[in-house]
Amino acid sequence: MLERVLGRRAYYIASAVFIMVGILSFIASAQQPYVGVDIERINDRWTVVFSDPNGEGYKAGIRIGDEILKINGEDAGQYRLLAKWGRLEGASGIEFRASGQMAVARITIQASALFVTLFANLSAYLLGFIFWLLGFITWRKRPFLNQVHILFWLNWAIAMAFIFSKPASRSLLLARELEFLTLSLVPLLLVSFISVFPVKNADGVNRAGRYILGSLYVLIFSLTMLQFFDIVHLGNFLRRLVLSNILLGITMTLWNFALITKLPKGSQERNQLEIVLLGLAAGLLPIALLTALPAIMYSRQIVYTEITSLFLMLIPISLYYVIVHKYLPASRRILGAMMSSFAAGAGSFILTYALFFSQTLQKVRSEYLIFVVLAILFIVCFYGARFVINRLIFKQNQALKLKIFELNQQENSLDEERLSYEETIESLGLEGAFLIADQAQMGVHTRAVGRFLEKPEEQAEMERYFQNHRRSILDIQVLAKDFPAEIYIPFAAHGYVCGVFIGHRSSHIRFERAEWSFLTLLASQLAHHMIMSLVIQDMEREMRVWKEASQRMQRKNQGLSALSASLFERIENERRLTAEEIHHGPLKRGRDINRCIRYLLTESPTPEIAETVLEQMQNIVVDLNDGLRLMSGNQNLLVLTNLGLLAAVEVLCQKMMIREETAITLETEGIHHDRRFRKDIELTAYRFIQESLANSLKHSGAAGQTIRIEQREAKLYLWVSDQGRGFDPGQIEDWAITRKHVGIVGIREWIASLKGEVQVCSALQKGTTLTAVIPLTDGLKGQADESKALDWVLLGSCEEL
């Protein structure tokens, strides 16, 4: 709803709210000590049910099972936050009796050092910032994706929950309520997101799940507001309800994941899902294995929550990576890297705790610092050892010699069997290859294999290297270590200037000079295969062009034949109509004149009667002349001949509106009544408008038409449009063959005879627009070619319909 009202501003406003609330929350949390003690009334005694080892209460000696007697000098039951949330947050003085003892202890809660408080709070705020930042960047890079919009609000809700967690743990004003509300919103957004990513899944289960989660959110919101105004005290119930809501959202998410796993292996959607699952596993497993599970089994964490919770940032990172990047590596590669990193991390944990348990570091008090330093040191040693082993021990020289021998034996089979680039590169243990072939007529062509397929920026870098050194480097080159490829091999063949970039080995062992002959042979085979492929593609493209041109010519000939037949029929009909008009018009008046002459010759009438007969004969002659004039050319063409195009079109529009009861709008620009054109141009333009109007009145069913005539420079532009039922322009060629609607076909031929162009833009139920451009002078073909783009900008395009 917020997004619909505010549009893009909603994301900026939400981000500004997050930043401001985060700053205020961070400042407030740093000033308030964290007690970390929860109590419940058991057998009329306020008994401690939870004591956080990181809280000030635990450090002061409060343990589970102790009885709380007084808080801030008053009876424990009178403390406001105790009745509301069951927590001792905000207490400065506490009297309690340890379990099994009679003595009463009094403690004063003091805030820890600022550095310690900031360190304890840093992980939550850092995670919140990362969730929000990655959601915001994802939205900025892919704003047109619906799933990105949902992801932004999901990350925003999670980020807000993180920054509210620290003030909520201290029971600051409204912090616990806001934490519950943001946490309850996360499952609803999570199910909405997973319903559209990576594939849309709008089944009944998802719809029902979103309805249930939405109802639970409304219930939690209502109870939280009642709790805030002290109308009800349902702190524990609210906590369980929020957890239940989260568990339901997780269950729905796993259900969608289960459905997506049915997708075929190797599909893009399944690869995206597997990468996201790896991100979830990498983010959640450290917390589960190193913090949660040891705390449940041994009541002691192996690794502090502040450290393991930082792995949660891998979840938004994986989502950002999958959505923003178009080309993704196979999930098994990421899994291999994760397993290697897991081995290094596990080794660092084992070594560190072995040193602690052996009391080697007994005197060192800064456990955090020692743990981090040893873990980093072990990981560096692990990867360093792996690099040395790959470089010094497993050189694989003998295996490479065998591969060279096999390649020489199969030199001809590469082309005969058409081995794919991928198979060749993979069989040789290379990361990839990049091929470039340049020819003046064919242009630049590239082929990427292996890892380069997923690295367009590296392809661009290698292409720049090829263009910059195509003339200066004529021999094999070993490239810099930071360059994407290791070897560059230039050569020329079949009129092409080629360059082949060979990537590094998968084992990271660099090539030796003795292997250059093998690499040159490999590059020549790959380039030969590529050039042959380009030649074949060029031949296929030329054959398709010839075939399409032949088909167009054949269809045009068929259309012209049909048009000729239609014109012949029209001529015969005109002759028949002319004969009928002569019979009923001039021939009848000729007989009347003959009767008058016969009367004068045979009856010898008086002068008065003879004068009357002559006047009748004169009137008949006048009618005869008018009839013959109309037969020789209709009135509109007479107006066209005498007064010009614009006047003839105005007369045509008036007659059409009277006869057809339609509304015709005539618009002009750059043309006036005194402007005359060549006779063939005026006649063609008039026929175009006349035939277009007739077609619109006959077939469109529109209530009105619009005609626009415009002269711009040395060209005449014509538009005839309506808002009728429209048609499929692709049927015009078929009409030419089947002799249906030959008027439109004739229009195109008329305009083409004057080296003009016609465009028919139409769509069903969206109206029709016929447009034409007619050159007004000869010898302007070059100028017409240069201004062709301007012509069609002026005319408009079919998409505007």
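A: Gly61 is partly exposed, with a relative accessible area of 28%; the term covers the range between buried, under 20%, and exposed, over 50%, using a 1.4 Å probe and protein chains only. The model is predicted, so local features need pLDDT of at least 70 and side-chain atom pairs pLDDT 80 or more, while totals for chains, interfaces and linings use all residues. Residues are numbered from 1 along each chain as its sequence is written, and side-chain values use heavy atoms, without hydrogens or water.

Gly61 sits in the loop that joins helix 3 (56-59) to strand 3 (67-71). Helices (H or I, at least four residues) and strands (E, at least two) are DSSP runs numbered from the N terminus. Beyond its neighbours within four places in sequence, Gly61 is in contact with Asp66 and Phe96, where contact means heavy atoms within 4.5 Å. Between Gly61 and Ile107 there are 8.6 Å, C-alpha to C-alpha, for a sequence separation of 46 residues.

For the chain as a whole, 64% of the contacts with a separation of 6 or more involve residues 24 or more positions apart. The protein chain has 801 residues, 41% of them buried, and its secondary structure comes to 28 helices and 16 strands.

Ser700 lies in helix 24 (residues 679-700), and its side chain reaches the backbone oxygen of Ser696 at 2.5 Å. Neighbours within four places aside, the contacts of Ser700 include Asp722, Gly724 and Arg725.

A search of the whole structure finds 0 disulfides, a disulfide being a pair of cysteine sulfur atoms within 2.5 Å.

Elsewhere, helix 7 (residues 175-194) and helix 8 (residues 204-228) have axes that come within 9 Å and cross at roughly 175 degrees. Axes are lines fitted to C-alpha atoms, for helices over the stretch in contact, and angles run from 0 to 180 degrees between N-to-C directions. Helix 7 and helix 8 are therefore roughly antiparallel, a label for angles over 145 degrees; under 35 is roughly parallel, 65 to 115 roughly perpendicular and the rest oblique. Among the residues that meet are Phe180 and Leu188 in helix 7 and Tyr217 and Phe221 in helix 8.

Terms used. Polar contact = N/O pair within 3.5 Å; in protein donor to acceptor, adjacent residues only side chain to side chain.
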